[in-house]
Amino acid sequence: VLLLVSFVVPHAITIAATPFIPTKGKKFLVPLYFGTRTCVGIAFIFLLWNLSASTLSAAQAYVFAALLLLNRVLTEAVCRTQGLVIGDVCDEDTVAYKRPASMAGAIHGLVNVVSRPSQSVSPVLSCLYLASYGVLLPSEGPQQDGTPTSIPINGSVNGTAATAAPILKLLALTMIVTTVAMQLVWRLWYNLDGPYLAGIRMQMAMRSDKNDSDRKS
């Protein structure tokens, strides 16, 4: 159920946020996602501080699941907005350099040069980090019938603070560092907003009208 919600809710958020894009703009919407995601990372830190020395309580487990779901939803919401942002960047590139055709394919490829390797490397680094704390290591060998033992939570069905702590550290650190970095890049280099963006869109519309006229003639 949580997996289904994590896929459905980002689409619902994107649909709900669409009417605000023409009025508020992506300059407002994307930092709102970033700020909320940073707050979720801070909430993971507070949850880490409030761990007991023995087991992870049911209330803490529910809070952990809710925060994890919220992180997933916010990350997907940012990804859904990425297409709109890259579309504006492609339009600016076409107008600024007076290109006869859009370089959308090349720009998307340039983005993938960074994003694709990181998607492969990050799970490996995460597993190595968790394995260094023994989180991914089974406490027992195979069962008598030869079937492998399922990965436990440090031998406890309910989970222990010793296991939850490195997971919460990884989540909090990843969320806060990546979100702050994205927020910094966004504020320093993304300037497609207001009259400047309106001018680019106007020139793109004029180019489109001119191309249509040339085809008809």
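Trainee: What should I know about the source before reading off values?
Mentor: This is a predicted model, where local features need pLDDT of at least 70, side-chain atom pairs count only at pLDDT 80 or more, and totals for chains, interfaces and linings use all residues. Residues are numbered from 1 along each chain as its sequence is written, and side-chain values use heavy atoms, with hydrogens and water left out.

Trainee: How many helices and strands does the chain have?
Mentor: Seven helices and zero strands, where helices (H or I, at least four residues) and strands (E, at least two) are DSSP runs, numbered from the N terminus.

Trainee: And what share of the residues is buried?
Mentor: Of the 217 residues in the chain, 27% are buried (under 20% relative accessible area; exposed is over 50%, partly exposed in between, with a 1.4 Å probe and protein chains only).

Trainee: OK, helix 1. Which residues are buried there?
Mentor: Ser 6, Pro 10 and Ala 17. The cover over the buried residues of helix 1 includes helix 2 (20–24), helix 3 (26–49) and helix 4.

Trainee: How do the axes of helix 1 and helix 4 cross?
Mentor: They come within 8 Å and cross at roughly 40°; axes here are lines fitted to C-alpha atoms, for helices over the stretch in contact, with angles from 0 to 180 degrees between N-to-C directions. Helix 1 and helix 4 are therefore oblique to each other, since angles under 35 degrees count as roughly parallel, over 145 as roughly antiparallel, 65 to 115 as roughly perpendicular and the rest as oblique.

Trainee: Which residues meet there?
Mentor: Among them, Leu 2, Val 5 and Phe 7 in helix 1, and Leu 69, Arg 72 and Val 73 in helix 4.

Trainee: Switching topic: where is Lys 98 found?
Mentor: Lys 98 is in the loop between helix 4 (58–96) and helix 5 (104–132). Phi of Lys 98 is near 50°, a positive value in a residue other than glycine. Most residues other than glycine have a negative phi.

Trainee: Is Lys 98 buried or exposed?
Mentor: Exposed, with a relative accessible area of 72%.

Trainee: Last one: what is Tyr 196 in contact with?
Mentor: Leaving aside neighbours within four places in sequence, Tyr 196 is in contact (heavy atoms within 4.5 Å) with Glu 92 and Asn 191. The C-alpha atoms of Tyr 196 and Glu 92 are separated by 9.6 Å, and the two are 104 residues apart along the chain. Tyr 196 counts as partly exposed, at 40% relative accessibility.
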